[in-house]
There are 2 protein chains.
Amino acid sequence: MTRAALIALDWGTTSFRAYLVDSRGATLDRRTAVAGIMQIQGGDFEGTFEREVGPWLERAPDLPVIVSGMITSRQGWVEVPYLPCPAGVHEIARALHKHATARGRTVHFVPGLSLRAPDGMPDVLRGEETQIVGALVDRPSAGLFLLPGTHSKWLRVEGGRIAWFATFMTGELFAVLRQHSILGRLIEGEAHDDAAFQRGARYGLDAGAQSGGLLKRLFSARTLGLMGDIEGTGVSSYLSGLLLGSEVREALGCVSAEARDQGVVLVGGSELVARYAEVLALAGVPAGHAAPDAAARGLFRIAETGGLLE
Amino acid sequence: MTRAALIALDWGTTSFRAYLVDSRGATLDRRTAVAGIMQIQGGDFEGTFEREVGPWLERAPDLPVIVSGMITSRQGWVEVPYLPCPAGVHEIARALHKHATARGRTVHFVPGLSLRAPDGMPDVLRGEETQIVGALVDRPSAGLFLLPGTHSKWLRVEGGRIAWFATFMTGELFAVLRQHSILGRLIEGEAHDDAAFQRGARYGLDAGAQSGGLLKRLFSARTLGLMGDIEGTGVSSYLSGLLLGSEVREALGCVSAEARDQGVVLVGGSELVARYAEVLALAGVPAGHAAPDAAARGLFRIAETGGLLE
């Protein structure tokens, strides 16, 4: 058996994924746990760490450990300052934050990134920088990337570095509207209805100013249901399509026509990623998919660049 | 004392207002009650009606009664079909829906309005048609009107008739985001912070495509707080400004430049109306205010036109 060379953790708000990796980046073992930051009682991050990866460290106490994700936020284990954009694997590796645990282990935290957009507004991310580094391992070092999620992120890479990114609150808005607004009342079930989804997506993508923006278009999820234009079983899919279509339209408006024509690389493997691919197809934008396990690949690449494997 | 000629009810989802009116439209007496549709146990609308206006009817059993608002919706007392736009006081008065109560009273329900927008989407309202009729009593019979609320309504009047309207889910979105989203976590108190409100409003009004639309801009309420650009005490006002600014930008995009330059008439007297006036001023759009009690004036006008006072 190949020898383990690295322990890599992708530790987010609602997920915990650990990888035992060899010196060439191949995964030897992996663990997932219901141990996202929000799920850990009393903030006992070190206890969680010891429980989940302690057995690997018992066998090889000198293994370097690298961690990225929301675990470096104010609500996480150790708050690590953001690294400003543009930043690529070299800047990120140089900014690794070394932390000694109470048990005497050394953990290397990957910093998140910050940005001042051209309009002066700040934006931030934690964890996605690592996925982008991973997605770039076998790709050209420029392009537009989309990471769907509760807060979906669009990123532009230039010369191997993240030059720009933007956060869209699409997933969270869908959840709160479905659960807490009048739009939720007409929803009958969550089963995917592709015709309703596409109808919503087309309306979200439509650039017509006469249709207003999202505050106005949202109400269509209610009126189409009221008028019987869509069934109650289709309202949830319609709303999802409307929000994803609106996001894609907003995001494409933020980038150059050239970037748009070159297409978007989707990162991740969830059903949500397939939905975004559907919306990008409706928008006439080419879409590709990054190889799986972008976070594990990115953690390895950052550790390698930072000299942790020597 | 002048003789009562009409009982007029403005009966909405969360409010109940009753007016005793003389033959010239002057209010002789008024009652408000915590008896909106959502607050009535078991849907006992007739019981509520008898309790609130029964005493007036005891003294004058032949008084005509006119009612408008969400009480005519599927969740209300009697569902009344929508009247299609364009519609003015004459069309509305002709479409009054006569209903005999179990106690033998006759109640005249004002129908709400429906519309197919140029983009094919339906829109609906109940109650606002009456406020517009009231606001038109002492105004030119054309213009753009704005009725703030949980679902804010913009309406265009031409030749005394409501020719177009649109619903914006601004108020409801503010409530659900504040209570149920990550944006609510940074909020410290609800006191109005005008600098933060105006900052949000300016960003919402900004037409720059590079700033994205609402899904992207919403996240600024979090990052500005995270970065210390606004205090926790200002986050709620910033979010409110951002949403109102976004609505005004969306709505102005739906109407002609001419309509925009002629300005907007605000209907209502809440603090929210003052906030919209502030945002319209930032947008450089002239704003006027309709006289108070637009609903009562509209109910009288519709009753008069419909021959109920004869």
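1. A definition to start with: a polar contact is a pair of N or O atoms within 3.5 Å, where, within protein, one atom must be able to donate a hydrogen and the other to accept it. By that rule, 21 residue pairs are in polar contact across the interface of chain B and chain A, both residues being at pLDDT 80 or more. Please keep in mind as you read on that this is a predicted model.

2. Which elements of chain B each supply at least two residues of the side that touches chain A? They are strands E9 (113–116), E10 (122–125) and E13 (161–168), together with helices H4 (170–180), H6 (214–217), H7 (220–226) and H8 (232–254). The largest share comes from H8(B), with 7 residues. Sorted by class, this side of chain B has 26 nonpolar, 15 polar and 12 charged residues.

3. Now for the extent of the interface. Chain B and chain A bury about 4,500 Å² between them, and 67% of that area is on carbon and sulfur atoms. B:Met169, B:Leu215 and B:Phe219 supply 17% of the area that chain B buries against chain A, more than any other three residues. In terms of residues, 53 from chain A and 53 from chain B take part in the contact.

4. Charged pairs deserve a look too. How many salt bridges does the rule find across the interface of chain B and chain A? The count is 2. There is a salt bridge between the side chains of A:Asp229 and B:Arg116, with an N to O distance of 3.1 Å.

5. In H4 of chain A (residues 170–180), the buried residues include A:Thr170, A:Glu172, A:Leu173, A:Phe174, A:Val176 and A:Leu177. Their cover includes E13 (161–168), H6 (214–217), H8 (232–254) and H10 (271–282) of chain A, and also H4 and H6 of chain B. In H4(B), B:Thr170, B:Glu172, B:Leu173, B:Phe174, B:Val176 and B:Leu177 are buried. The buried residues of H4(B) pack against E13, H6, H8 and H10 of chain B and against H4 and H6 of chain A.

6. On to the fold of chain A, which has 11 helices and 15 strands. Its radius of gyration is 21 Å, close to the 19 Å that the globule rule gives for 310 residues, so chain A is as compact as a globular protein of that length. The C-alpha trace of chain A spans about 65 × 40 × 40 Å along its principal axes. Of the 310 residues of chain A, 58% count as buried. Among contacts in chain A with a separation of 6 or more, 64% are between residues 24 or more positions apart.

7. Why does A:Ser152 count as buried? Its relative accessibility is 0%, and buried means under 20%. The side chain of A:Ser152 makes a polar contact with the side chain of A:Glu247 at 2.4 Å. Leaving aside residues up to four places away in sequence, A:Ser152 touches A:Leu146, A:Leu147, A:Ala166, A:Thr167, A:Phe168, A:Glu247 and A:Tyr276.

8. Finally, a serine in chain B. B:Ser236 sits in helix H8 of chain B. Is B:Ser236 buried or exposed? B:Ser236 is buried, because its relative accessible area is 3%, below the 20% cut-off. Beyond residues up to four places away in sequence, B:Ser236 touches B:Phe174, B:Arg178, B:Ile187, B:Gly189 and B:Glu190.

Key. Residues are numbered from 1 along each chain as its sequence is written. Chains are lettered from A and ligands numbered from 1 in the order in which they are written. This is a predicted model: local features need pLDDT of at least 70, side-chain atom pairs count only at pLDDT 80 or more; totals for chains, interfaces and linings use all residues. Side-chain values use heavy atoms; hydrogens and water are left out. Contact means heavy atoms within 4.5 Å. Buried area is the accessible area (1.4 Å probe) that two parts lose on being put together, summed over both. A salt bridge is a side-chain nitrogen of Lys or Arg within 4 Å of a carboxyl oxygen of Asp or Glu. Helices (H or I, at least four residues) and strands (E, at least two) are DSSP runs, numbered from the N terminus. Ala, Val, Leu, Ile, Met, Phe, Trp, Tyr, Cys and Pro count as nonpolar, Asp, Glu, Lys and Arg as charged, and the others, Gly among them, as polar. The radius of gyration is taken over C-alpha atoms; the globule rule is 2.2 Å times the number of residues to the power 0.38. Buried means under 20% relative accessible area, exposed over 50%, partly exposed in between (1.4 Å probe, protein chains only).
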